[in-house]
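Colleague: I am new to this structure and would like to learn how to read it. Could you take me through some features, one at a time?

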Amino acid sequence: MRRRPVVIAPSEKMDRGAGKNQKSRLCFLALLSAFFWILLLYFHFVVLGGHAVDESIKLSLEDKPVNLPVVRKFAPSRVVDATKVDVKSIREPTKPVDQQQPKSTAKPEVQNFPFVKALKTVENKSDPCGGRYIFVHDLPSRFNEDMLKECKSLSLWTNMCKFTTNAGLGPPLENVEGVFSDTGWYATNQFAVDVIFSNRMKQYDCLTKDSSIASAFFVPFYAGFDIARYLWGYNISTRDRASLDLVDWLEKRPEWGVMGGRDHFLVAGRITWDFRRLSEEETDWGNKLLFLPAAKNMSMLVVESSPWNANDFGIPYPTYFHPAKDDDVFIWQDRMRKLERKWLFSFAGAPRPDNPKSIRGQIIDQCKNSKVCKLLECDFGESKCHSPSSIMQMFQSSLFCLQPQGDSYTRRSAFDAMLAGCIPVFFHPGSAYTQYTWHLPKNFTRYSVFIPEDDIRKRNVSIEERLSQISPEQLKLMQEEVISMIPRLVYADPRSKLETLKDAFDVSVQAIIDKVTKLRIDIIEGHTDKNFIEENSWKYALLEDGQREVGPHEWDPFFSKPKDGDSGDTSAGAAKNSWKNEQRDKSLNS
């Protein structure tokens, strides 16, 4: 039998063809599914995840420094109180509702701000030092203590050895005439703030060796003592040596790299012009510490700051009074309130015949011609101006104390006068109002009288008539304001602690902490001061609440910056004259 050939049924042909088509479909579906999941993952992690903020910020001193906004002198009304910082509120800038992205469960991107741990310390309510920790650099002794061992070389005309005793307060003053309190009074040199401040820092109750929680970093360099050694008869290399050495040492420290030094501060008990040499000429004055790039990042506390620069801040000259406890201050304040003051106004100082712009000659003339003015002329030779007792006795017996410019804007005498409860009369805003914005009320009419220099120079004003126009009620309010300011203007004894009062040291340290805290918050939130003009630095501290920009000011004529060719001569001349008058007047009250 013949075998019939096998015939494939049509359905089988379709099944075999369908198998090939089915494989193609499966491949297509797999690719489509993969594409879908890739798209979904991309949207999930990249689009949404890119907006997430890490709640646990990595902390490391080795992180690269971030780009920092300009450091400037800020208005007190805009100061951030470091003890009241809401750290949670600064982790991410608030966005409008229509710009906010849906919440994501993806792991957020890590953003490194090495100082956030320091900001977060304020959240620990059980820690009284939260937001207040200070890290003190352990400098080699050549930057501080070694200078004290060579104290005879610290001044050309004054033996500073006795003034560096008692933690920088100097020898105790005897209360022979009953002008002082029985304790707490010392013959303090007006240039001794370097050592006084450093010794007060040793008693600060929130020191730390953990730099990651520090709100600020203190550099205990005796900058004022350093330059004092070399101002006369030394070349610029010698004058600059310690400053350059200090900067080199600091820049090698890991703590410096976090903010490039913008969280560091140091103290110099001299006027700023001693540290602002403009050229490399041997005949130019001072050193160039404040013009070094690294030093421009730090904050330098000086007894007189520059109105045109942003890296220095004015702190009070030291007075003769250094209380060891709160009661010392309260007893002194009560005593100043009860004094009988027989003189309407007084002046202690010397004329400046070599300075044609000085109004001291006219002031002395007006005082001599008045029956209600007490005058202490501080010229060559022995005089009562050399006696702290005579000076304080005059201030205590006066309602108003005249405080014209000295060789530079400021005078120690202004602080001695306010310590005595005497209302200061200023003739230039740079003598106090734009200098000591951390320590003095912003509204200067509360505690002082301002008479523009030109009014005296042109003989448009009688000082006696101007002061006599102040009502007894207003006089009482002003006097009480001055007396209430005393704790903020004196430096407490570094060997003890005040219980509740804040002295000049405490006010200065808190202001630095607030300044650094604000800067750190600005960095986190991405704020910058693009419109900041450094030559207008003096104006920023005078801004009203809510103001951010500076404009024309009634005091502009007082701070018209000299041309570059004259600026150095002006500042150097002021500094040189200051030193000449130290030679002439050992009381250091001129």
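Colleague: Where is isoleucine 451 found?

Modeller: Bear in mind that this is a predicted model. Isoleucine 451 sits in the loop between strand E11 and helix H13 (453-457).

Colleague: Is isoleucine 451 buried or exposed?

Modeller: Buried means under 20% relative accessible area. Isoleucine 451 has 2%, so it counts as buried. Leaving out residues up to four places away in sequence, isoleucine 451 touches Val425, Phe426, Phe427, Ile456, Val461 and Arg466. Take valine 461 from that list: isoleucine 451 and valine 461 are 10 residues apart in sequence, and their C-alpha atoms are 8.3 Å apart in space.

Colleague: In what order do the strands of the open sheet come?

Modeller: The order is E8-E7-E9-E10-E11, 5 strands with parallel pairing. Strand E8 (373-377) and strand E11 (449-450) are at the edges; each has a single partner strand, so one side of each is left without a neighbour in the sheet.

Colleague: How many bridges join strand E9 to strand E10?

Modeller: There are 4 bridges between E9 (residues 398-403) and E10 (residues 423-426), and these two strands run parallel. In one of the pairings, leucine 402 has valine 425 in E10 as its bridge partner.

Colleague: Which strands does helix H10 touch?

Modeller: H10 packs on the sheet and touches strand E7 (343-349), E8 and E9. The direction of H10 makes about 130° with that of E8. Another helix, H15 (residues 472-489), lies across E9, E10 and E11 and runs at about 100° to E10.

Colleague: Why is glutamine 362 classed as buried?

Modeller: The same cut-off applies: buried means under 20% relative accessible area. Glutamine 362 has 15%, so it is buried. Its place is in helix H10 (residues 360-368). Not counting residues up to four places away in sequence, glutamine 362 touches Ile456, Arg457 and Arg459.

Colleague: How are two packed helices described?

Modeller: Two packed helices are described by the angle between their axes and the distance between the axes. Here, the axes of helix H4 (residues 193-202) and helix H16 (residues 504-525) come within 11 Å and cross at roughly 80°. That makes H4 roughly perpendicular to H16.

Colleague: Which residues meet between H4 and H16?

Modeller: From H4 there are Phe197, Arg200 and Met201, and from H16 there are Phe505, Asp506, Ser508 and Val509. By class, this contact of H4 with H16 has 4 nonpolar, 1 polar and 2 charged residues.

Conventions. Residues are numbered from 1 along each chain as its sequence is written. This is a predicted model: local features need pLDDT of at least 70, side-chain atom pairs count only at pLDDT 80 or more; totals for chains, interfaces and linings use all residues. Side-chain values use heavy atoms; hydrogens and water are left out. Axes are lines fitted to C-alpha atoms, for helices over the stretch in contact, and angles run from 0 to 180 degrees between N-to-C directions. Angles under 35 degrees count as roughly parallel, over 145 as roughly antiparallel, 65 to 115 as roughly perpendicular and the rest as oblique. Contact means heavy atoms within 4.5 Å. Ala, Val, Leu, Ile, Met, Phe, Trp, Tyr, Cys and Pro count as nonpolar, Asp, Glu, Lys and Arg as charged, and the others, Gly among them, as polar. Buried means under 20% relative accessible area, exposed over 50%, partly exposed in between (1.4 Å probe, protein chains only). Two strands pair if DSSP finds at least two bridges between them.
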